[in-house]
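Visitor: I am new here. Could you walk me through this one, please?

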Amino acid sequence: QVQLVESGGGLVQTGGSLRLSCAASGRTSDTYAMGWFRQAPGKEREFVATVRWIDGNTYYADSVKGRFAVSRDSAKNTMYLRMNRLTPEDAAVYFCAWTARILTLPTIARDDFYAYWGQGTQVTVSS
């Protein structure tokens, strides 16, 4: 079992920044990667970014590349998402996810490859 707790969501103006955190506990020694997904009202959950735990390699959705940065602190079992130049299109509930499965490029963005999920944190962007 792995427990994930997100924090850091909130209200920000267009062009502003936020940093989300996701703290993992439990079977963290098996971590292969952790990722961020988001879901806006009326839309499907979509991939945002993933960080591979062993080497910190990162992967991003095209929509956030260059604006968002995912990172991890292995000693704290915590993943972060720094979000810059936010727009109303970024408003959503952001979920962190955990996997022990080896991910490849075709599967990094698939939510069914992640076994555990956090409860989500709301990000609201005012125009």
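Predicted model: local features only at pLDDT ≥ 70, side-chain atom pairs only at ≥ 80, totals over all residues.

Visitor: Which residues does the disulfide join?
Guide: Happy to start there! The structure holds 1 disulfide.

Visitor: Is Cys 22 buried or exposed?
Guide: Buried means under 20% relative accessible area. Cys 22 has 0% relative accessibility, so the word for it is buried.

Visitor: Is the disulfide of Cys 22 and Cys 96 right-handed or left-handed?
Guide: Here we look at the torsion about the S-S bond, which is about 50°. Because of that torsion, the disulfide of Cys 22 and Cys 96 is right-handed.

Visitor: Are the rings of Phe 37 and Tyr 114 stacked, tilted or edge-to-face?
Guide: Good one! The ring centres of Phe 37 and Tyr 114 lie 5.2 Å apart, with the planes at 80°. Planes over 60 degrees apart fall in one class, so the pair of Phe 37 and Tyr 114 is edge-to-face.

Visitor: Which residue lies over the face of Trp 117?
Guide: Trp 117 is part of a cluster linked by ring pairs, along with Phe 37, Phe 47 and Tyr 114. At 3.8 Å from the ring centre of Trp 117, the residue over its face is Arg 45.

Definitions and conventions
Residues numbered from 1 in each chain as written. Heavy atoms only, no water. Phe/Tyr/Trp six-rings, centres within 6.5 Å; stacked < 30°, edge-to-face > 60°. Lys NZ or Arg CZ within 6 Å of the ring centre and 35° of its normal. Disulfide = S-S within 2.5 Å. Buried < 20%, exposed > 50% of the residue type's maximum accessible area, 1.4 Å probe, protein only.
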